[in-house]
Amino acid sequence: GQELVMTAHTSLRDFCDIIQQENDALQQRKPEVITQLVKQKQLLAGRVEKLLQQVHKQQGEGADLPRTGLQLLQTAMDKYRTLSRQNMLLLQAAHQTTADFILLVKQTLDAQKPAAKTYGSTGQVNTGGYSETKLVNRAI
């Protein structure tokens, strides 16, 4: 029981450290660091989930788990919740910044591109306002 709880605590603490590093890298705009951290985060997420399931199962079965270890685990879970909320907000901000940039590029291209011209039935040149860029997708 105690070994399981301490292993879960250590793994959760390591997971929190990686999320904190990812948050820092997001704030500093370091995509190369983020890529590596996401890989590590994915590996640890599965491990932490399994360990926490085992702890929960043992608690449900009435196992005598160390109170101090469970308190440490609860503190680590609280830290995880805080860090994951920050992580979500930072990822949303990065996503919105990218979407805004793409929209700005699209609008700039549309403003600089000459309108398509067609000929009317009497031979006059029509400018139909077909200057909208279709290759840049606004939805990300």
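Helix H1 has 26 residues and reaches 37 Å from its first C-alpha to its last, close to the 38 Å expected at 1.5 Å a residue; the expected span is 1.5 Å times one less than the number of residues. Helices here are DSSP runs (H or I, at least four residues), numbered from the N terminus. The model is predicted, so local features need pLDDT of at least 70 and side-chain atom pairs count only at pLDDT 80 or more, while totals for chains, interfaces and linings use all residues. Residues are numbered from 1 along each chain as its sequence is written, and side-chain values use heavy atoms, without hydrogens and water.

Glu22 lies in H1, which covers residues 2-27. Glu22 is buried, with a relative accessible area of 2%; buried means under 20% (1.4 Å probe, protein chains only). The side chain of Glu22 makes the polar contacts listed below. A polar contact is a pair of N or O atoms within 3.5 Å; within protein, one must be able to donate a hydrogen and the other to accept it, and residues adjacent in sequence count only if both atoms are side-chain atoms.

| Side chain | Partner side chain | Distance |
|---|---|---|
| Glu22 | Lys41 | 2.7 Å |
| Glu22 | Asn87 | 3.0 Å |

Definitions and conventions
Helix = DSSP H or I, 4+ residues; strand = E, 2+ residues; numbered from the N terminus. Buried < 20%, exposed > 50% of the residue type's maximum accessible area, 1.4 Å probe, protein only.
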